[in-house]
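Please read it beside the sequence and the coordinates.

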Amino acid sequence: PKVEVKHSRLPTDCELEQDPSDRLGLSSSDTLTNGSHRADVAAAKRLAKRLYNLEGFRKADVSRHLSKNNDFSQTIAEEYLSFFNFAGLSLDQALRTFLRQFALMGETQERERVLSHFSRRYTVCNPGVMPSEDAVHTLTCALMLLNTDLHGQWCSLQT
C-alpha cells in the first residue's frame with residue numbers, strides 16, 4: 001500500500017515563538033499534561049493527527065512527541081499509530097512504512113519507546129502472525145540493528 005506524503009510548510013519564526021497551546025490548536029480547557037499522570041485524550045488525538053499529516057511539524061519533530069515517558073505522550077503515540085494499517089504486511093514492510101513517515105531520533109531509550117509502540121500496533125493489526133508483542137519488538141530491534149550495521153558506516157562517511 002502506498003503512503004501518501006503531504007508536503008507542509010515549515011512554521012515561521014513568529015509561529016515558533018507562540019505558546020505551544022496556541023500552536024497545537026488547543027482550547028483553553030485543554031491541557032498539555034506532559035509531566036502529570038493525566039492524559040487529555042482529545043488534545044492527544046488532535047496533536048497525533050497533526051503530527052501524522054505534518055501540519056506545522058517536520059518529520060524530525062514527530063519522534064520527540066512519541067518517545068516521552070508520560071501518559072500524554074503515550075496517548076499521542078497510540079493515536080498516531082492508529083493511522084497506520086499494517087494488516088497483511090510483513091514486519092519489515094510495516095517497519096519501512098512506519099519509518100517513512102518521520103525521522104526516528106533521540107536517545108536509545110526514546111527510540112526504543114517508539115519501536116515499542118510500533119510493535120504493539122503491528123501485533124494488533126496482525127493477530128496470530130507472531131507469538132507475542134515481545135517477539136515483534138525483539139525482531140523490530142534486530143532489524144534496526146542490522147540496518148545500522150549495514151548502512152551506519154556509509155551514513156557516517158556522508159557527514
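## Packing of α4 on α5

Helix α4 (residues 59–66) packs against α5 at an angle of about 125°, and the two axes are 8 Å apart. Axes here are lines fitted to C-alpha atoms, for helices over the stretch in contact, and angles run from 0 to 180 degrees between N-to-C directions. The angle makes α4 oblique to α5, given that angles under 35 degrees count as roughly parallel, over 145 as roughly antiparallel, 65 to 115 as roughly perpendicular and the rest as oblique.

Contact means heavy atoms within 4.5 Å. On the α4 side, Val62, His65 and Leu66 meet Ser73, Ile76, Ala77 and Tyr80 of α5. By class, this contact of α4 with α5 holds five nonpolar, two polar and no charged residues. The classes take Ala, Val, Leu, Ile, Met, Phe, Trp, Tyr, Cys and Pro as nonpolar, Asp, Glu, Lys and Arg as charged, and the others, Gly among them, as polar.

## Model and conventions

This is a predicted model, in which local features need pLDDT of at least 70 and side-chain atom pairs count only at pLDDT 80 or more, while totals for chains, interfaces and linings use all residues. Residues are numbered from 1 along each chain as its sequence is written, and side-chain values use heavy atoms, with hydrogens and water left out.

## Overall composition

The protein has eight helices and zero strands, and its elements run α-α-α-α-α-α-α-α from the N terminus on. Helices (H or I, at least four residues) and strands (E, at least two) are DSSP runs, numbered from the N terminus.

Of the 159 residues, 33% count as buried; buried means under 20% relative accessible area, exposed over 50% and partly exposed in between, with a 1.4 Å probe and protein chains only. Among contacts with a separation of 6 or more, 60% come from residues 24 or more positions apart.

## Packing of α3 on α5

Helix α3 (residues 41–52) and helix α5 (residues 71–81) pack at about 50°, with axes 8 Å apart. That makes α3 oblique to α5. The crossing of α3 past α5 is right-handed; a crossing is right-handed if the near helix is turned clockwise from the far one by less than a right angle, and left-handed if anticlockwise.

Residues of α3 in this contact include Val41, Leu47 and Tyr52, and those of α5 include Phe72, Ile76 and Tyr80. The contact of α3 with α5 divides into ten nonpolar, one polar and two charged residues. Arginine 50, also in α3, is buried at a relative accessible area of 19%. Its C-alpha lies 9.1 Å from that of tyrosine 80, 30 residues apart in sequence.

## Aromatic pairs

The whole structure contains twelve aromatic pairs. Rings of Phe, Tyr and Trp (its six-membered ring) pair if their centres lie within 6.5 Å; planes under 30 degrees apart count as stacked, over 60 as edge-to-face and the rest as tilted. Phenylalanine 86 and phenylalanine 118 are edge-to-face, at 5.2 Å centre to centre with 65° between the planes. Phenylalanine 86 lies in the loop between α5 and α6 (91–99) and phenylalanine 118 in helix α7 (residues 108–125), so this pair ties together parts 32 residues apart in sequence. Both residues are buried.

Phenylalanine 98 and phenylalanine 102 also pair edge-to-face, at 5.0 Å and 75°, and both are buried. One aromatic cluster includes Tyr52, Tyr80, Phe86, Phe98, Phe102 and Phe118.

## The loop between α5 and α6

Serine 82 is found in this loop and is partly exposed, with a relative accessible area of 38%. The C-alpha atoms of serine 82 and arginine 121 are separated by 7.5 Å, although the residues are 39 apart along the chain.
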